[in-house]
Amino acid sequence: MAAVWLVFLAYPLVEVLTTGSALGKTFGAVGIVVFAVVYIHGFRWLYKGRATPSRIAVIHLPLLVLLVCLVGLHIGPDVLGMGAFVVSFAMFTLTLVPRMMVFVVAAGACLLVPWLNGTLRDDFFYILIVVMVGAITAVIRAVGDRDDEYTALRNELVIADERDRVARDVHDVLGHSLTAVTVKAELAERLIDVDPERAKAELAAIRSLTREALGEVRATVTGLRVARLADELDRAHTALDDAGIDVDQRGDASIVDPRYRLVLGWVLREAVTNVVRHSNARTCVIDLGGTSLSVVDDGVGIEGVGTDGNRDGNGLRGLRDRVRSAGGKFAVGAGPDGTGTELKVVFG
């Protein structure tokens, strides 16, 4: 884009080649060529991000101005057309105040030099060129800055969403695993005197659970972990059995729409964790449908939690976000008979 406009250097180049001695022509032509090289080099640095815009300006702008002055010694006021390139370069590399100062100085030179030279009427178009270039490049720079701000904001939102996702995943993984470990540890403590062999088996299971949890956390952090509904059903039975809660499962993973198995796997994990940890229930019913899941217990219930989620804990709040982002409906409240707790998710 910057190189396209170098075609307008043909005008000062023609003046150089038709004015003065051979030495002056050579000197002026070399100056214009070097000007073009410095101009393009600066924009390449800017595009490639090899330095900050301000550093690029500090290195290149003084050279551009110096070359304009040197060529001007040979062709006089006709060099003012090169000022448009200086203004354009300043607009894309300097901050607001410095670039406006460069614009004002360049525009002032395009008025002052012809006026002092007595050619203001003939050379007035130079000021028009500089003003037009300054206005256009200022608008382009403003649009570019807004686009950069939008991109930065969008990236921040993506990062925030990813942090929330990782936080939910870690919470779900650790919440379920640590609850299972706690239940098994309590069971092993009770059995250590009356049934040492069973206690050893529970301790071995605790060791296996902790290793599995560590692996899941690592996989979650790297974004590789996927909750599988069938696996979560097996884990749910194990956790509930260890807690002394009878399980009544209706339906299985095979009847669930594959589009929703991932989300329902997370929902089942958190729901069972809450039943084991908080409910003091004796029975738990897991009801699977093609596009739905409900987990009902006959425990103490969750006082004050409705469908709006205002008093949800981190786990329920994370599940609510997961389900809604997948297009489902999420509700937590009293069981069908008015007692206990029912967690229900429906898609479609």
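This briefing walks through the overall form of one protein chain and then visits some of its residues.

The model is predicted, so local features are reported where pLDDT is at least 70 and side-chain atom pairs at pLDDT 80 or more, while totals for chains, interfaces and linings use all residues. Residues are numbered from 1 along each chain as its sequence is written, and side-chain values use heavy atoms, with hydrogens and water left out. The chain holds 11 helices and 5 strands; these are DSSP runs numbered from the N terminus, with helices being H or I over at least four residues and strands being E over at least two. With a radius of gyration of 37 Å, well over the 20 Å that the globule rule gives for 348 residues, the chain is more spread out than a compact globule.

**Overall form**

- The radius of gyration is taken over C-alpha atoms, and the globule rule is 2.2 Å times the number of residues to the power 0.38.
- Along the principal axes, the C-alpha atoms fill a box of roughly 110 × 40 × 35 Å.
- Of the 348 residues in the chain, 40% are buried. Here, buried means under 20% relative accessible area, exposed means over 50%, and partly exposed is in between (1.4 Å probe, protein chains only).
- Take the contacts between residues at least 6 apart in sequence: 64% of them join residues at least 24 apart. A contact means heavy atoms within 4.5 Å.

**Surface and charge**

- The accessible surface of the chain is about 19400 Å², and carbon and sulfur atoms account for 62% of that surface. These areas come from the Shrake-Rupley method with a 1.4 Å probe, and for residues only the protein chains shown count as cover.
- There are 36 positive and 41 negative side chains, and the centres of the two sets lie 7 Å apart.
- Lys and Arg count as positive and Asp and Glu as negative, with His and the chain ends not counted. Each charge is placed at NZ of Lys, CZ of Arg, CG of Asp or CD of Glu.

- Among the buried residues of α4 are G83, F85, V86 and F89.
- V71 sits in helix α3, which spans residues 53–75. V71 counts as buried, at 1% relative accessibility.
- Setting aside neighbours within four places in sequence, V71 is in contact with V16, G28, G31, I32, V79 and M82.
- V68 is also in helix α3, and V68 is buried at 14% relative accessible area.
- Not counting residues up to four places away in sequence, V68 touches F35, V79, M82 and V86.
- V68 and G83 are 15 residues apart in sequence, and their C-alpha atoms are 7.5 Å apart in space.

**Strands and a loop**

- S294 belongs to strand β3, residues 292–297, and S294 counts as buried at 9% relative accessibility.
- Beyond residues up to four places away in sequence, S294 touches V285, I286, D287, E342, L343 and K344.
- T341 lies in strand β5, residues 341–347, and T341 is buried with a relative accessible area of 7%.
- N280 lies in the loop between α10 (261–279) and β2 (283–288). N280 is exposed, with a relative accessible area of 67%.
- N280 has a positive phi of about 55°, although this residue is not a glycine.

**Cysteines**

- A search of the whole structure finds 0 disulfides, a disulfide being a pair of cysteine sulfur atoms within 2.5 Å.
- C69 is in no disulfide, and the nearest cysteine sulfur, that of C110, is 12 Å away.
- C69 counts as partly exposed at 46% relative accessibility, whereas C284 is buried at 0%.

**Distances across the chain**

- F8 lies in the segment before α1 (10–17), and F8 is partly exposed with a relative accessible area of 43%.
- The C-alpha atoms of F8 and E197 are separated by 92 Å, and these residues are 189 apart along the chain.
- V71 and T273 are 202 residues apart in sequence and 80 Å apart in space, C-alpha to C-alpha.
- T341 and G318 are 23 residues apart along the chain, with 18 Å between their C-alpha atoms.
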